[in-house]
Amino acid sequence: MTEWPEGWLQVKVPLPFSLRWVNSYLIPDRRGYTLIDPGLHTPEAAAFWGTTMAEHQVAWQAIHTIVLTHQHPDHYGLAGWFQARTGAEVRMSSAALAYASELWGAESDFDARLAELYARHGMPERELDGILTNLGLFVGRVSPQPTQISLLEAGESILLGDRAWEMIDAPGHAYGQLLFYQRERRLILCGDQVLPGITPNISLVPGGEVDPLASFLNSLDELSRLPVERAFPGHRDPFADFGGRIAEIRAHHEYRLAEIAEWLTEPLHGYEICLRMFGERVGRDSHNLRFAMAETLAHLQHLAHSGAIVELGASPDGVMRYLSTDKE
């Protein structure tokens, strides 16, 4: 746990994959604490929280509100677990709540739709089976889910640490993600939209945005206009050069788009592009492969929408392929 000015506590909650930890933030006020993004529900994370709360003498009942920047399981997963222990109200955007229900509701068919999408873009059956098995693990990692939820909406304000923070819609990485900006102090809780040292995953997924990369890049343009002295991200450590990091992330995606367009001098499907982008080894890790494939498809969709490449339609093997418009 790291203490920041005004008594903020940054808590690095462990994750069982390569990101290593997700940042939770305990923000004190006159009533107790607001908890931002409690983490993924694993036995290790639950034990960690118990030890951390005791060591720093934070009573469970002192947490009165749980705020979620977005619905991804590494941020949302412990919300219901914390609510059961604290009685705290859980707050998130309506779009994030709807998508969480689509992912983990009793009637969810997300895994089947994702497998169909990936198969249409060339992923082999063995890799698809691994991804479905990995996805199945996440139901337990978001359970129990919160029951008392109040909705937050972009454009409104919220009290955090007895100060008013503006709520900003930040799509692309997660539909319905909210960022929280304190204009007088020039502070921002930026979720996974702007991360230091790593780029946020941008995924094309069933039921998601039509062109998530366009939404993400437009969001970065808007965020770049904010004066920010300190950004508190969902992963890695808080950082100062918010505008500089936005420029680096934009440059990364511009490079990726140009690289893919150059590869498509011959017809290729999404899985072939994925392996070129991320390396053959990504196919050996189902968790990372799922995100790599979704990001590849987001870039292909963006290029197709811009007219730089064309979809050739399903071939006799049922797989979609793409070609640069210069080679039609």
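The model is a predicted one, in which local features need pLDDT of at least 70 and side-chain atom pairs count only at pLDDT 80 or more, while totals for chains, interfaces and linings use all residues. Residues are numbered from 1 along each chain as its sequence is written, and side-chain values use heavy atoms, with hydrogens and water left out.

Helices, like strands, are DSSP runs numbered from the N terminus, a helix being H or I with at least four residues and a strand being E with at least two. Of the 21 residues of α10, 15 are buried, so the helix is largely enclosed by the rest of the structure. Here buried means under 20% relative accessible area, exposed means over 50%, and partly exposed lies in between, with a 1.4 Å probe and protein chains only. At the start of α10, a side-chain oxygen of Asp 285 comes to within 3.0 Å of the backbone nitrogen of His 287, and just after the helix Gly 307 takes a positive phi of about 90°.

Two packed helices are described by the angle between their axes and the distance between the axes. The axes are lines fitted to C-alpha atoms, for helices over the stretch in contact, and the angles run from 0 to 180 degrees between N-to-C directions. Angles under 35 degrees count as roughly parallel, over 145 as roughly antiparallel, 65 to 115 as roughly perpendicular and the rest as oblique. Helix α8 packs on α10 at an angle of about 75°, with the axes 10 Å apart, and the two helices are therefore roughly perpendicular to each other. Helix α6 (residues 125–136) also crosses α10, at roughly 105°, with axes that come within 8 Å, which makes α6 roughly perpendicular to α10.

Which residues of α6 and α10 meet? On the α6 side they are Glu 127, Gly 130, Ile 131, Asn 134 and Leu 135, and on the α10 side Ser 286, His 287, Leu 289 and Arg 290. Where α8 meets α10, the residues from α8 include His 252, His 253 and Arg 256, while those from α10 include Glu 295, His 299 and Leu 300. His 253, in helix α8, is buried, with a relative accessible area of 0%. Not counting residues up to four places away in sequence, His 253 touches Ile 202, Leu 213, Phe 216, Leu 217, Glu 295 and His 299, a contact being heavy atoms within 4.5 Å.

Attention now moves towards the start of the chain. Leu 26 lies in strand β3 (residues 21–28) and is buried, with a relative accessible area of 0%. Although Leu 26 and Trp 8 are 18 residues apart in sequence, their C-alpha atoms are 5.9 Å apart in space. Leaving aside neighbours within four places in sequence, the contacts of Leu 26 include Trp 8, Val 11, Tyr 33, Leu 35, Trp 49 and Ile 63.

Helix α3 (residues 79–86) is mostly covered, since six of its eight residues are buried. These buried residues are Ala 79, Gly 80, Trp 81, Phe 82, Gln 83 and Thr 86, and they pack against β4 (33–36), α1 (43–55), β5 (63–67), α2 (73–76) and β6 (89–93). After α3 comes Gly 87, whose phi is positive, near 75°.

The last topic is the salt bridge, which is a side-chain nitrogen of Lys or Arg within 4 Å of a carboxyl oxygen of Asp or Glu. How many salt bridges does the structure hold? The structure holds 14 of them. One joins Asp 237 to Lys 12, with the closest N and O atoms 3.2 Å apart. Asp 237 lies in the loop between β12 (230–233) and α8 (242–263) and Lys 12 in strand β2 (residues 8–14), so the pair ties together parts that are 225 residues apart in sequence. Both are partly exposed, Asp 237 at 36% relative accessibility and Lys 12 at 31%. Another salt bridge links Glu 254 and Arg 250, the closest N and O atoms being 3.8 Å apart; these residues are four apart in helix α8, separated by about one helical turn.

Key. A polar contact is a pair of N or O atoms within 3.5 Å; within protein, one must be able to donate a hydrogen and the other to accept it, and residues adjacent in sequence count only if both atoms are side-chain atoms.
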